[in-house]
Amino acid sequence: MLALLGLGTIALLLAVILTKRMSPLVALIVIPVAAALIGGFGLETGKFVLTGLQNLAGVVGMFVFAILFFGIVSDAGMLDPIIDRILATVGTRPTRIVPGTTLLALLIHLDGSGAVTFLITIPAMLPLYDRVGIDRRILACAASMAAGVNFLPWTGPMIRASAALKLPIREIFSPLVPVQVVGLVFIFAVSYWLGLREERRFALAPRAAAAGIGPGSATIARTLSDAERALRRPGRFWINILLTVAVLGIMVFMAEKVPPALMFMLGTALALIINYPQVDAQRQRIDAHAKAAILMASILLAAGVFTGIMQGTGMLKAMAQTAVTFVPPDMGRHIPFALGLVSMPLSMLFDPDSFYFGVLPVVSEVAHQLGVPPVQVAQGALLGQMTTGFPVSPLTPATFLVCGLTGIDLADHQRFTFPFLLAASVVMTFACVLLGVFPL
């Protein structure tokens with residue numbers, strides 16, 4: 001009964017968001033609270049919500065101050081030379097811009113953080129997309145594909161899989177290296193195709209050609225408004241660069257000792273002091289980015305309500321235990337392949353902790369009893385579960401970050417990007433079979 005209630009809750013949540021019957025903020029609060037009350041948990045629901053909010057406090061703090069930090073250094077002009085260099089390198093041809101976006105996101109994601117990848121890639125590339133006239137959904141898709149396929153030994157899913165099944169990371173990751181190469185080739189091919197599709201769209205758009213945008217037009221010269229020029233601090237470019245490198249470097253390499261939220265808080269404070277020492281100017285910069293920060297914080301806190309209730313009521317655990325009972329014994333050797341095919345869509349149903357610590361150990365045990373090595377089960381899961389799946393999952397804050405930074409609706413992002421991420425997962429799953437990582 002509890003598993004059925006959980007499945008119904010998630011299905012309803014996805015349905016109302018995808019059909020735009022409710023905003024994500026409203027759906028993430030109202031639907032799980034109603035489900036908990038229907039399940040008979042009564043006043044305990046408040047405890048579940050509080051636990052969920054407490055678990056997300058650090059994430060909320062990081063995202064809010066990350067938005068403020070990157071907004072302030074962008075106002076000061078730190079990204080101007082970077083954007084100009086990108087413009088000079090990729091020109092205005094979408095067949096170069098979109099793969100260039102994928103490459104940029106891929107390089108930034110070497111730190112293993114999807115949030116940092118989106119926070120740097122999207123603000124850097126968005127002005128170029130807008131000036132050329134490229135669909136913003138493509139920017140979200142390109143960045144999502146790069147972050148999704150780039151699963152590394154120090155990323156969350158890999159660490160969770162290793163811990164849950166008590167397997168060395170090297171044993172899981174090493175056989176997947178050629179598989180990941182196949183996935184990277186696929187996403188760059190998709191990026192080029194998306195760019196080519198935009199070029200063809202421009203060719204059929206007379207107004208775009210008349211406006212001088214689209215492929216074949218001259219390199220776009222960036223022009224700043226008087227208000228933007230007044231905010232620029234070109235003499236402090238290198239100081240802002242060093243500050244950004246320090247904040248991100250400490251956050252990546254000392255995350256266990258220094259909370260990321262603290263680093264962005266200190267970074268924001270220092271960025272304000274360095275670039276806008278006057279109190280009134282500091283207040284104006286905070287006010288300028290407060291809307292985006294508050295919107296992101298509210299959605300993240302609403303996501304905390306959802307995850308807190310789903311975990312606290314036991315609905316996620318019940319769903320996990322029920323799901324594995326549908327595996328026929330004679331299909332045991334196909335478990336890794338089947339898991340690889342469905343692992344990406346499962347990101348829409350399970351948060352990473354619930355899947356890797358709840359579902360994966362049970363699936364691994366069932367597979368082990370049927371003669372399948374646990375490492376193959378881990379590899380099947382990593383082909384999509386919160387790897388290619390995380391940038392579109394409503395259970396991860398990074399999804400809302402992508403939507404917030406690009407200014408597109410969650411439903412539009414999911415409809416556009418989901419098929420490409422699923423295709424990447426399927427391609428890598430078949431690559432595992434062809435390369436002998438696990439049997440069909």
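**A helix residue, ring pairs and a pocket**

Mentor: T101 is a residue of helix α5, which spans residues 94-108; helices are DSSP runs of H or I of at least four residues, strands runs of E of at least two, both numbered from the N terminus. The model is predicted, so local features need pLDDT of at least 70 and side-chain atom pairs pLDDT 80 or more, whereas totals for chains, interfaces and linings use all residues. Numbering starts from 1 along each chain as its sequence is written, and side-chain values rest on heavy atoms, without hydrogens and water.

T101 has a relative accessible area of 0% and is therefore buried (under 20%; exposed is over 50%, partly exposed in between, with a 1.4 Å probe and protein chains only). Apart from neighbours within four places in sequence, T101 is in contact (heavy atoms within 4.5 Å) with T121, M125, Y129, L139 and A142.

Turning to the rings, the structure contains 11 aromatic pairs, that is, rings of Phe, Tyr or Trp (its six-membered ring) with centres within 6.5 Å, called stacked if the planes are under 30 degrees apart, edge-to-face if over 60 and tilted otherwise. The pair of F70 and F264 is tilted because its planes meet at 55°, with the ring centres 5.9 Å apart. This pair joins distant parts of the chain, F70 in helix α3 and F264 in helix α14 (residues 260-275), 194 residues apart. Both F70 and F264 are buried. A further tilted pair consists of F350 and F355, at 6.3 Å centre to centre and 50° between the planes. F350 is buried at a relative accessible area of 5%, and F355 is buried at 1%. Ring pairs also link F69 with F70 and F264 in a cluster.

Two or more lining residues come from each of α3 (44-75), α4 (80-90), α6 (114-132), α15 (279-312) and α20 (397-406). Helix α6 gives the largest share, 7 residues.
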